Amino acid sequence: MTTLSFPITVDEQGYYGEFGGAFIPEMLYPNVRELKENYLQIMAQPAFQDTFNKLLKDFVGRPTPLYLAERLSAQYKAQIFLKREDLNHTGAHKINNTIGQILVAKALGKTRIIAETGAGQHGVATATVCALMDMPCVIYMGEVDIARQAPNVARMRMLGAEVRPATSGSKTLKDATNEAIRDWINNPTDTHYIIGSVVGPHPYPDMVARFQSVISEETCWQLQEVTGSPDPDLVIACVGGGSNAAGSYYHYLDKPQVRLIAVEAAGHGVDSGESAATSVLGSKGIIHGSRTLLMQTPDGQIIEPYSISAGLDYPGIGPLHAHLIQTGRAEAVSITDQEAMDAAFHLSRTEGIIPALETAHAFAALDKLTFNPDDVIVINLSGRGDKDLATYIEFLDQF
Amino acid sequence: MNRITRLFAEKQTNILNVYFTAGYPYLNSTGTIIAALDKAGVDLVEVGMPYSDPLADGPTIQESGQVALKNGMQLSLLFDQIAEVRKTVEVPLVLMGYFNQVMQFGERKFLEKCKEVGVDGLILPDLPIYEYEHFYKDWFEDLDLGISFLISPQSGTERIRKIDELTRGFIYMVADAAVTGATGGITEIQLAYFQRIRGMDLKQPRLIGFGITDSAAFQTVSAYASGGIIGSAFIRLLGGLSEAALPEAIDHWVKSIRG
Ligand SMILES: Cc1ncc(COP(=O)(O)O)c(C=O)c1O
């Protein structure tokens, strides 16, 4: 686990620049304060680090490989490395965070776990650690997502979790998060809410970023071994809430020579009215307890987003990313459903890796970026595509 | 004087505060409902600004908000409706909503508009007291607007003292660890909490809300605080009524709560 200090820090109130904070109903204040006052100290304990690192190694299968994708590299005339988070147990980066948070929950004496999920990867990762730690687990998932990510729903149930449909609003990730927050308000003493991304009230964005920072920590030494330098020229990651991006940027945040690329879902197109490209379409506001960029009407009503990818179908981004994009530290790229689909089939046939639909957006960004020949590019391969097969099958005829 | 301040100066018991969502059940029923509540002798009216993502609200208020938004409810219209009803109605009015709505309107502009149309106070459950104290408190004082912060059974003593200091008007005591609209009778645990808070001798008056659905519950909470707040149960009454039937049904309902 990382011992480096956080290169871009949150202040005492949980702000990255002007983004962050904890805009929560008073009923949640005791829970959030308990977490805020304890998370750093719990995470610093040697026994905690020992257990966390052991589980990451033996249960999750870390370190994940950093793979030089030779055919892709030849095509784009660059050195493209894939950080293989898809090879983690349960198939995505999400489990780095759930292992960490369940250990925090145990240290706080919590006995019940709740979580939201979009693509179902975070739900599966949460259900998995709950099985491991013998804790009851309730997962909130939008009805639309339950339909489009059926294999993950089945996995959560097989792992012993209860999956509760969120039926309000767009019936996707935003609404599942609302329901999870309401559950937490109703169960304030025994329950820990394992948020799945770098969103929510402080300290969640910081805590989740720290747990995911294992991605860039490994990337540093893995690149050092192959190229002689820990630093790539670019790091590319898709952004739903932004946890895999935060984890893959983490140790490069204070190295301005490393370009950070945040890839958002444009859905049917940024101007189509059916999109989730928050950094383009969003403005400052509050969502899920955090001041950040979000898609909203002039009256402050949150706009229902759209993306073919359930994990990117979210109208906000984490406050860290709002800050990175606003200050120019990170560059945002938006990718349509079709471009992501093209990239998913291309990666499958060029490198023999079927990516998650979320991850496919990151690969599609290669066509949108300019870089120098022989630049070292790290793409965070955040998850595998098994859960998306039903969607891919619908597109097989096109390819 | 601020109408909320005046109310609590004149009356310390059995204060009935009724919540409903603006634009529900009909886009233009807001004024009718406020006037009917006033006529029926309700002490305070809490008008909900419908919101897409009301985190602290249960299913009944969520659904009323969805209907109101579908009806076309917007803040500018709500302010017009309030300005209109204010010409004839003196009942204290509190706006309840989420901080993002205030932010997008412009915080200062929002507060000035409240003042202008005759809103007396605000309830913004997701505005933390830290932000209030550091960025907005002076404006509320300048404009003599009330602000009610929430306390819950989990709130610690020190926190409650701080909230007592910052509140202007009345403290909103959440009856139970719950989002609005939870049902079921009042439990021993809740009574112990009501008693604990009563024993703290706070400076600000308290109203107890969340899960208060009938006359019995209203009488119970009134024994431990200045009165109670009823929301979901009133909204359930409104659903299905024609616009013309609202005043009489509201009058009848208020009488049944008063007992
Ligand atoms: C494989 C994969 N990548 C990315 C995401 C997006 O989340 P985040 O932006 O937090 O990494 C998800 C979310 O479900 C996912 O499953």
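1. The largest nonpolar core of this predicted model holds 211 residues, and those touching the most other members are A:Val235, A:Ile236, A:Ala262, A:Val263, B:Met173 and B:Ile208. Within chain A, both domain 1 (23-55 + 94-207) and domain 2 (61-92 + 213-398) give residues to this core, so the core lies between these two domains. As background, nonpolar side chains tend to be buried together in soluble globular proteins.

2. A:Ala262, one of the core residues that touch the most other members, may be examined through its contacts. Apart from neighbours within four places in sequence, A:Ala262 is in contact with A:Ala237, A:Val239, A:Ala245, A:His321, A:Ile325, A:Ala330, A:Glu331 and A:Ala332.

3. The contact between the chains takes 24 residues from chain A and 29 residues from chain B. On the side of chain A that touches chain B, the elements giving two or more residues are α8 and β11 (283-287). The largest share of that side, five residues, is supplied by α8(A). Sorted by class, the side of chain A that touches chain B comprises 12 nonpolar, nine polar and three charged residues.

4. The axes of α14 (residues 337-351) and α15 (residues 357-364) of chain A come within 8 Å and cross at roughly 90 degrees. Angles of 65 to 115 degrees count as roughly perpendicular, and α14(A) and α15(A) are therefore placed in that class. From α14(A), the residues A:Glu339, A:Ala340, A:Asp342, A:Ala343, A:Ala344 and A:Leu347 meet A:Leu357, A:Ala360, A:His361, A:Phe363 and A:Ala364 of α15(A). The residues of this contact divide into eight nonpolar, one polar and two charged.

5. Two cis peptide bonds in chain A should be noted. The bond from A:Arg62 to A:Pro63 is cis, with omega near -5 degrees; A:Pro63 is placed in the loop between α2 (46-60) and β3 (66-68) of chain A. A:His202 and A:Pro203 are likewise joined by a cis peptide bond, for which omega is about 15 degrees. The loop that contains A:Pro203 runs between β8 (191-193) and α9 (204-212) of chain A.

6. Positive phi values in residues other than glycine also deserve mention. For A:Lys171, phi is near 60 degrees, and this residue is found in the loop between β7 (162-166) and α8 (173-186) of chain A. A:Lys171 counts as partly exposed because 19 C-beta neighbours lie inside 10 Å, whereas a buried residue would need 20 or more. In chain B, phi of B:Asn14 is near 55 degrees. B:Asn14 belongs to the loop between α1 (3-10) and β1 (15-21) of chain B and, with 15 C-beta neighbours inside 10 Å, also counts as partly exposed.

7. B:Tyr98 lies in the loop between β3 (93-96) and α5 (99-105) of chain B. This residue is buried, as 26 other C-beta atoms lie within 10 Å. Not counting residues up to four places away in sequence, B:Tyr98 touches B:Tyr51, B:Pro54, B:Leu124 and B:Asp126. For the pair B:Tyr98 and B:Leu124, the separation is 26 residues in sequence and 5.3 Å in space, C-alpha to C-alpha.

Notes: Residues are numbered from 1 along each chain as its sequence is written. Chains are lettered from A and ligands numbered from 1 in the order in which they are written. This is a predicted model: local features need pLDDT of at least 70, side-chain atom pairs count only at pLDDT 80 or more; totals for chains, interfaces and linings use all residues. Axes are lines fitted to C-alpha atoms, for helices over the stretch in contact, and angles run from 0 to 180 degrees between N-to-C directions. Helices (H or I, at least four residues) and strands (E, at least two) are DSSP runs, numbered from the N terminus. Angles under 35 degrees count as roughly parallel, over 145 as roughly antiparallel, 65 to 115 as roughly perpendicular and the rest as oblique. Two residues are in contact if their C-beta atoms, placed from the backbone, lie within 7 Å. Ala, Val, Leu, Ile, Met, Phe, Trp, Tyr, Cys and Pro count as nonpolar, Asp, Glu, Lys and Arg as charged, and the others, Gly among them, as polar. A nonpolar core is a set of buried Ala, Val, Leu, Ile, Met, Phe, Trp, Tyr and Cys residues joined through C-beta atoms within 7 Å. A residue is buried if 20 or more other C-beta atoms lie within 10 Å of its own, exposed if 12 or fewer, and partly exposed in between; C-beta atoms are placed from the backbone. Domain bounds come from an automatic or database domain assignment.
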